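Below are some notes for a colleague on the model shown here, arranged as numbered points. Please read them with the structure open.

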Amino acid sequence: NRSPSAIRAGKRLMNLSNATLDASGGQGGHIALRAAADSQPGNPQPLPDVPGQGRLALMGNTTLSTRGRRGQGGSSTLLGEQIELWDQTSIDATGATGGGTVLVGGDWQGSGNTRQATKVTMEAGASIDASATDKGDGGKVVLWSDIHNVDSVTAVHGSIKAEAGPN
């Protein structure tokens, strides 16, 4: 039983170009995108948190929105082996009473059970905003790659905001 403010998608290679995914509402919604692992003999539907995940790329004017118009901002979770935020990609998890949560490649300092990315790239034109728009605290924004993997890299050149509300 999924609420209308939840969007989930998964695929080995996922490219979103000039797409809009909007799970906003009175309370913020939820968006989860996973570049899942390839199927293997004997396991045609592997769990998305196994090694060998795929590539997730957001480009053009792609927008993910989980705004909370009257409540707290929602959450956007982007998982995969390689995650790229290009061009004018925008992730909006703002909320009237507090900012939401945006996780790209893993959780805070690799915590939790979420499989961590190997490469996370955020280009200069991309933006993430998890601010409170009226009152309350800013939210949580994490861009993370596995520090235990020597091939891992997180490169962030875009704009990130998680500001408290003005009131």
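1. Thr121 touches Ile83, Glu84, Leu85 and Ala155, where residues up to four places away in sequence are not counted and contact means heavy atoms within 4.5 Å. This is a predicted model, in which local features need pLDDT of at least 70 and side-chain atom pairs count only at pLDDT 80 or more, while totals for chains, interfaces and linings use all residues. Residues are numbered from 1 along each chain as its sequence is written, and side-chain values use heavy atoms, with hydrogens and water left out.

2. Thr121 belongs to strand β11 (residues 119–122), strands being DSSP runs of E with at least two residues, numbered from the N terminus. Its relative accessible area is 8%, so Thr121 is buried (buried means under 20% relative accessible area, exposed over 50%, and partly exposed in between, with a 1.4 Å probe and protein chains only). The C-alpha atoms of Thr121 and Trp86 are separated by 8.0 Å, although the two residues are 35 apart along the chain.

3. An open sheet of 5 strands runs in the order β2-β5-β8-β11-β14 with parallel pairing, where two strands pair if DSSP finds at least two bridges between them. Its edge strands are β2 (13–17) and β14 (153–156), each of which pairs on one side only. The twist averages 5° from one strand to the next, with axes taken as lines fitted to C-alpha atoms and angles running from 0 to 180 degrees between N-to-C directions. Strands β11 and β14 run parallel and are joined by 4 bridges, and Met122 stands opposite Val156 in β14.

4. The count comes to 4 salt bridges, the rule being a side-chain nitrogen of Lys or Arg within 4 Å of a carboxyl oxygen of Asp or Glu. One of them joins Arg55 to Glu84, with the closest N and O atoms 2.7 Å apart. Because Arg55 lies in strand β5 (residues 55–59) and Glu84 in strand β8 (residues 82–85), this pair ties together parts that are 29 residues apart in sequence. Arg55 is partly exposed at 26% relative accessibility, whereas Glu84 is buried at 5%.

5. Another salt bridge links Lys140 and Asp107 through their side chains (2.9 Å, N to O). Lys140 lies in strand β13 (residues 140–143) and Asp107 in the loop between β10 (101–104) and β11, so the pair ties together parts that are 33 residues apart in sequence. Lys140 is partly exposed at 33% relative accessibility, while Asp107 is buried at 17%.
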